[in-house]
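Thanks, everyone, for making time this morning.

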Amino acid sequence: MKLAIVATLVASASAFSIKVPANVKAAVAGAAVTAGVAVAPAFAGDVGAGEQVFNANCAACHAGGQNVIMPEKTLEKAALEQYLAGGRNEKAVITQVTNGKNAMPAFGGRLSDEDIANVASYVIATSEAGWD
């Protein structure tokens with residue numbers, strides 16, 4: 001039980017950009033795997049549901065992780081790290097999708113919080129794996 005609590009705290013701290021030393025993250029993750037405890041990010045949404053929401057609401061401008069309005073500001077891993085306020089993480093994507101920025105409209109109020117969290121999970125997961 002203590003391991004599960006520590007693993008959750010480390011995952012939550014990481015999601016909120018609290019500096020957790022790499023050796024602590026590695027030790028907790030290794031111990032959690034050994035103990036059979038799942039360690040999930042604090043904002044882990046449903047990637048499959050996020051893909052459906054993305055295709056219905058975002059793909060017109062961001063098909064294949066691109067950006068038809070500002071070509072350099074794609075949804076590729078490096079571009080998200082460089083241009084997304086707060087860095088490449090689900091919390092930053094949630095903020096961007098909810099509030100919009102520049103030419104991107106705000107989707108808060110048009111999409112549910114759950115849909116936005118799912119889209120954020122999809123964008124982060126797909127940027128990690130690579131867009132098709």
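Before the picture itself, a word on axes, which are lines fitted to C-alpha atoms, for helices over the stretch in contact, with angles running from 0 to 180 degrees between N-to-C directions. Helices here are DSSP runs of H or I with at least four residues, numbered from the N terminus. Please keep in mind that this is a predicted model, in which local features need pLDDT of at least 70 and side-chain atom pairs count only at pLDDT 80 or more, while totals for chains, interfaces and linings use all residues. Residues are numbered from 1 along each chain as its sequence is written, and side-chain values use heavy atoms, leaving out hydrogens and water.

Let us begin with helix 3 and helix 7, whose axes come within 7 Å and cross at roughly 100 degrees. The two helices are therefore roughly perpendicular, a label that covers 65 to 115 degrees. Among the residues making this contact (heavy atoms within 4.5 Å) are Gly50 and Phe54 of helix 3, and Asn118, Val119 and Tyr122 of helix 7.

Now look at Gly50, which lies in helix 3 and is buried, at a relative accessible area of 0%, where buried means under 20% with a 1.4 Å probe and protein chains only. Gly50 and Asp115 are 65 residues apart in sequence, yet 6.6 Å apart in space, C-alpha to C-alpha. Beyond its neighbours within four places in sequence, Gly50 touches Asn118, Val119 and Tyr122.

Notes:
Buried means under 20% relative accessible area, exposed over 50%, partly exposed in between (1.4 Å probe, protein chains only). Angles under 35 degrees count as roughly parallel, over 145 as roughly antiparallel, 65 to 115 as roughly perpendicular and the rest as oblique.
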